[in-house]
Amino acid sequence: MERNNIIVREYLETLKEDGELDRLLPLLLISRGWKIVRTPREAKGQKQFGKDIVAYGVDLDGVKKAFYIEVKGHSDKDITEQSLIKPDGLYQSLLSATVVDFKDYGIPALENLPIKVIFVHNGALKPSAEHEYNGIITKLFGDGKKQFERWSIHELTDLFSAYLFGEYLLTDDQHLQLFKKTLALIDQPEYDLRDYKMLIDKLLTGDLKPGQRQFYKLFSTLNLVCVILWDNARQVNNLLHALDGVAYTVLKAWGWILRQQLVRKKPVIGIFKSLLIIQRDLLETYITKTLPVARQKDGLFAERGGPFEEVGYPLRSMDYLGWLIYYYQLQQAGPDFNYELEAQQMYGLQHFQKGVIRAVIDNNIGCKTPLLDRHSRPIVLVTLFFMNSKELTAHEANWLRGYIIDIYNRIGLIHSFRGRRPEFSDNITALLEYVGTGERPSDYNDKGSMLLQVLLEFLVIFNDEPSYNTCRSDMQGIDLQTAYPNWTMPDEVEIGLFEGNISELTAVDSSIALPEQFFDFKKMLEAKPNNPISYKTDGAGLAFLRSLSYIYFHNDIPPDEWRKFIAAPPHYFGVDKSVISNEHLTVT
Amino acid sequence: MRFAPFDLSALKEEYEENSPAMQELKTVITDVLAEKTWRFKSERIKSKYPISIAEGRIANDGFIQSGFDCGLSDAPINFYALWQQTPVTYALDGTLSDLMEYVQKIRLLFEVDGAIRNGATLERFRQFLFLAVYKQGNFDPVEQLNDLKTDDPSYSLLNVCFLENVDLWDYSFVKFWETVTKFAGNIGHPHHSSFDSRWLAIFSALEKVLDSQIDFALARKIFEINLGDSPIGKIAEAGLFYLSRKGEINNDDLIGYLQDQRTVNVGIIILNSHLSYTLSFTTQIWETMKNVELKKPQRALSYQLGVNLLENTESLSEQLKAELYEYLLLEGVEGDFEQTRAVFYALRKNLKQKGIGEALIKRLIAVDPYPIEFNSLISDYYFHIDDLDGFFAFIRTYLGDENHFFKLTQFKGICELFTVKYPVRFWRGMVELLIDDEGRYRKAGGRMLSHMLHEQSEHIFPVPLEELNPLQQYKFIVSATVYPMFMDENLKVLVPFLFSKSPIVVELALCKLDHIAISYGPEAINKLQPMISNHPLSTEIVERLNSVFTEDAKRIDQKQRIFEFNPHVGYANLIRPFAEFYAKKSSRSMSEAQRKHGGISSFIKQTTIGRGGGVITHDMKIMPLSMVGASFSLPSYIFIDPIGDQAEMFLFYKKNWSEDFKAWKEIISSSGNI
């Protein structure tokens with residue numbers, strides 16, 4: 001394992017303080033069994049008084065203590081004569097830590113605990129500063145009122161290796177090789193993260209020794225590899241690999257929890273949420289970075305992409321929408337994913353989110369240009385996002401209807417000019433060939449469509465009979481379909497949802513004939529099977545994870561998600577048509 | 001590389017017995033042949049013998065090149081020159097078995113090097129070998145050939161030597177046929193890619209041998225027995241063709257040939273070589289042909305025969321003429337472009353006849369799937385009959401049919417021809433299309449304009465566009481700018497409208513110029529400046545375009561910093577296959593060189609994204625990502641507008657232009673724009 005510590009040390013040495021080293025440290029502390037009271041993220045914007053992290057737990061000497069942890073990295077990672085005395089340097093930070101105690105009356109256990117100040121830096125103590133450093137430590141901690149400990153790069157390496165990487169990563173040559181390969185190839189845009197995914201699969205399928213501590217270590221390892229992946233992706237200025245890898249880890253980890261039947265165990269959910277926090281932070285970084293451009297006019301269009309953009313723009317737009325919706329669902333779940341936001345707060349948040357989504361969609365025609373039948377997923381997610389929101393305004397309802405009709409028009413337009421509808425079997429190569437050569441490849445399949453069926457069903461929710469009548473006449477020769485999860489095998493379906501694509505666990509209602517009358521169509525939909533699966537995931541308060549499965553593994557969204565609105569449409573749909581504009585479909 | 005014709009006398013003179021050149025050469029050859037590992041010790045050979053022995057002298061007549069032609073750059077050229085000449089030595093001094101041993105050794109050596117497959121080298125070697133064979137006098141190549149395996153490269157060499165000089169020996173036809181058919185069976189079908197000089201040698205030898213024959217009946221019998229779609233069958237066909245030229249095959253024989261599936265091919269070939277036909281013979285041929293089932297290659301020949309009969313029959317009856325036309329038009333026009341073109345050109349001088357041209361066009365249009373190349377035939381037709389109005393009428397007639405819409409908007413050839421011949425009339429016709437009330441005509445006009453302006457910029461709009469009323473000008477701009485054009489052409493199309501009396505037209509033209517400024521930047525603005533120097537608002541226009549360009553550059557720069565949105569990063573695994581598909585399409589309209597050097601595919605093949613997002617080119621330089629894709633040889637602005645298809649829809653479906661015009665008016669009057 002010693003030789004493998006190098007990878008840990010080299011990685012730790014590269015970390016900066018802000019958002020990197022101090023994001024990783026809590027994982028280490030948790031794996032030691034300590035409880036985190038405050039993280040740098042929570043303390044952001046407030047004066048920290050030499051306490052980036054506050055925790056409590058049992059120290060190596062068996063005594064329960066409160067820990068004030070001060071973190072220095074990047075340019076301050078080494079202790080030098082300058083870093084000791086500069087403003088906000090080591091001396092000032094440690095002085096604050098000794099003078100100002102941390103108070104949290106919500107945690108009475110902290111009150112009378114002995115205090116240990118830990119200075120963490122991912123560098124070394126330079127010999128030239130050693131004398132002065134010893135003097136400062138003696139002056140500040142010589143009285144014994146507070147204990148002091150320093151974790152340099154050497155201690156950090158040992159701690160991380162022992163508590164986090166050791167069990168699942170460093171001692172297994174194959175695991176280590178996969179991880180090293182991932183990091184080596186992460187700057188290649190074409191790299192599909194196969195090694196990383198293999199590593200995650202191996203970690204989650206290996207024998208897990210019994211005990212909470214082992215579970216903890218396993219999930220700490222997952223957290224760590226996610227953080228390292230993210231950090232490496234950040235270094236190459238491309239977060240897409242991190243989005244991919246972390247989503248895969250989250251999905252697979254949740255699938256594993258379901259399979260192990262641990263979903264009702266609160267500590268398990270607690271540690272799983274630390275993985276979700278990483279994903280949410282990553283998404284926040286990604287969305288913050290990209291949204292200002294994405295919401296501009298054609299912001300998701302790449303000017304230099306040349307002719308590829310006929311495919312690239314819609315693909316990018318649909319992918320982006322998927323991530324945006326999922327991120328907003330995570331936001332709505334609240335900081336700890338407990339949905340503790342008050343109604344007014346939630347209303348405000350949703351109002352803001354819907355505004356952003358509308359801006360992105362309205363400014364990017366790619367968001368209304370499905371090229372593949374599976375693009376129904378982001379479209380349905382957007383629609384459900386609006387319909388499930390606390391309050392759907394008349395303006396939003398009108399917009400939503402226009403959005404669906406625009407999508408229908410775009411499909412018609414492309415069919416009219418290019419001769420193709422969205423590819424049904426997710427054959428992206430055939431799509432590339434069709435667009436690239438302008439000629440229909442023999443394996444391009446647009447005879448069937450689930451997307452068009454969904455759009456038609458939305459018209460029922462919108463009570464939009466004229467549009468239905470127009471659309472209906474265009475559906476000649478198209479095999480309209482709906483996919484239902486196999487509700488007779490709910491557990492298999494739910495676990496499968498997080499392990500990959502579960503097309504083999506879906507029943508397809510095909511060759512759906514559209515009744516001539518709108519009312520009959522509505523009746524027909526109401527008579528369709530409605531056996532919603534009671535997902536354990538939803539029961540655990542993590543329903544948004546299913547959205548991740550829909551956008552990541554392209555699993556079908558069960559029709560009951562939207563059909564429930566047929567009987568009970570949101571306000572402004574179905575009843576009061578006066579607020580809906582009477583625009584008509586332009587292309588048939 | 002091609003060599004000068006073989007000069008036997010000069011070579012013979014050079015290698016006179018006991019000449020200094022020959023003495024030197026013999027010494028060298030003796031040593032060379034003694035070497036078992038020629039190639040690797042060749043340096044020693046080179047140093048041992050003065051360059052003048054081989055290299056200097058040989059260099060004078062260009063042989064020196066052949067060493068390089070072999071691609072054996074690491075070998076001394078004098079050595080490779082030597083091997084070409086050694087047969088001469090054996091011709092003069094050696095025995096036949098020595099010669100054959102030498103041929104074998106050379107074969108082994110060059111099989112290793114791969115030089116034996118080099119055409120130029122082989123050619124030269126063959127010439128020397130022939131000299132050797134020739135000098136042997138009583139040497140009979142056929143006997144030698146019979147002893148050699150057919151896959152032995154020296155077999156092929158000797159065979160061609162034999163065929164080229166078949167007249168030097170006295171062979172019976174049967175013996176010749178045995179040898180030549182064995183050889184032909186070994187070199188593949190003459191109609192396939194393997195056709196080469198060996199086939200020329202066979203056909204030429206065949207004629208030489210037949211020339212010396214008296215018993216044509218035997219030869220004909222052999223040919224007729226061997227007819228068929230095989231290499232030997234093709235020699236037999238050539239033989240029968242020769243015999244027909246000699247008058248050995250009469251008309252009755254030919255009619256007999258037409259009735260037999262095995263002989264129909266050669267029958268048609270021979271008939272096609274006739275310069276004229278009597279009416280009765282034509283009738284006989286036509287009646288026979290009606291009952292014969294032809295395979296595809298034979299059909300092509302039969303259409304040619306049909307044309308020949310039409311054109312070269314004395315006093316052809318109207319009925320027979322009509323039948324032949326019908327046959328050609330209904331059956332000769334098929335999905336195969338080459339064949340159809342042959343029929344088309346064969347009928348060309350008849351196209352002016354009433355009904356023939358129209359029938360041909362109808363037939364072409366009906367072919368399904370329609371090869372886009374047919375457009376060139378249709379263009380040619382209208383130009384040939386000199387009917388510009390007919391061409392436009394044709395466009396309008398067939399554009400009404402959805403099935404024909406896409407294929408008929410890509411005429412280029414005819415536009416080039418007509419713009420030269422009738423510039424004003426042609427452009428008036430184009431303008432009428434572009435401002436037509438029917439969307440499909442506007443669209444057709446737009447597409448045709450886009451295609452032709454790439455080639456014909458100097459003929460641009462010799463018609464005064466200012467004569468159009470503002471609404472027509474407005475329609476014209478919309479129709480003319482939906483499809484891609486190069487910068488210069490774009491400017492030429494738009495600048496006249498900056499002088500329009502209608503502020504709406506001016507504003508629309510300016511909006512289009514904004515696009516050009518964004519796409520081409522200062523280059524376009526600099527080009528525009530002198531073109532509008534006499535415009536009262538020239539300064540304001542330039543300022544506006546500069547500002548549009550600057551603002552957009554900022555926007556693009558902001559976007560470029562997000563690597564996740566770069567398709568070469570986000571969809572790296574898709575963009576490569578796409579580029580390959582796209583290159584397929586592009587290769588149809590771009591030259592091969594452009595595709596190799598300017599296309600997106602070559603760029604992608606040569607680059608990888610470096611750490612941090614830069615692009616590492618093939619020469620290991622880092623190029624910023626902002627350059628990615630910019631090397632594509634089409635103007636970038638056509639991709640800047642992501643809703644290009646919406647613009648196309650607008651062009652196609654737009655009906656109420658007046659309302660649109662009014663809306664513009666309101667916008668402009670409220671914004672106070674120029």
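**View 1. B:Val493 in helix H29 of chain B.** B:Val493 lies in helix H29 (residues 487–498) of chain B; helices (H or I, at least four residues) and strands (E, at least two) are DSSP runs, numbered from the N terminus. The model is predicted: local features need pLDDT of at least 70, side-chain atom pairs count only at pLDDT 80 or more, and totals for chains, interfaces and linings use all residues. Residues are numbered from 1 along each chain as its sequence is written, while chains are lettered from A and ligands numbered from 1 in the order in which they are written. B:Val493 counts as buried because it has 22 C-beta neighbours inside 10 Å. A residue is buried if 20 or more other C-beta atoms lie within 10 Å of its own, exposed if 12 or fewer, and partly exposed in between, with C-beta atoms placed from the backbone. Leaving out residues up to four places away in sequence, B:Val493 touches B:Ala480 and B:Thr481; a contact requires C-beta atoms, placed from the backbone, that lie within 7 Å.

**View 2. Helices H30 and H31 of chain B.** Helix H30 (residues 503–520) of chain B and helix H31 (residues 522–531) of chain B pack at about 130°, with axes 6 Å apart. Axes are lines fitted to C-alpha atoms, for helices over the stretch in contact, and angles run from 0 to 180 degrees between N-to-C directions. H30(B) and H31(B) are therefore oblique: angles under 35 degrees count as roughly parallel, over 145 as roughly antiparallel, 65 to 115 as roughly perpendicular and the rest as oblique. B:Ile516, B:Ala517 and B:Tyr520 of H30(B) make the contact with B:Glu523, B:Ala524 and B:Ile525 of H31(B).

**View 3. Helices H30 and H32 of chain B.** The axes of H30(B) and helix H32 (residues 538–560) of chain B come within 9 Å and cross at roughly 50°, so this pair is oblique. The crossing is right-handed; a crossing is left-handed if the near helix is turned anticlockwise from the far one by less than a right angle, and right-handed if clockwise. On H30(B) the contact residues are B:Leu510, B:Leu513, B:Asp514, B:Ala517 and B:Ile518, and these meet B:Ile541, B:Arg544, B:Leu545, B:Val548, B:Phe549 and B:Asp552 of H32(B).

**View 4. Helices H12 and H13 of chain A.** The axes of helix H12 (residues 266–294) of chain A and H13(A) come within 10 Å and cross at roughly 130°, which makes the two helices oblique. Their crossing is left-handed. A:Arg280, A:Leu283, A:Ile287 and A:Ala294 of H12(A) meet A:Tyr320, A:Trp323, A:Leu324, A:Tyr327 and A:Leu330 of H13(A).

View 5. Of the 12 residues of H15(A), 11 are buried, so the helix is largely enclosed by the rest of the structure. The buried residues include A:Arg377, A:Pro378, A:Phe385 and A:Phe386. Among the elements covering them are helix H13 (309–332), helix H14 (343–363) and helix H16 (394–418) of chain A. H16(A) has 25 residues and reaches 35 Å from its first C-alpha to its last, close to the 36 Å expected at 1.5 Å a residue; the expected span is 1.5 Å times one less than the number of residues. Just after H16(A), A:Gly419 takes a positive phi of about 80°.

Note on methods. Two residues are in contact if their C-beta atoms, placed from the backbone, lie within 7 Å.
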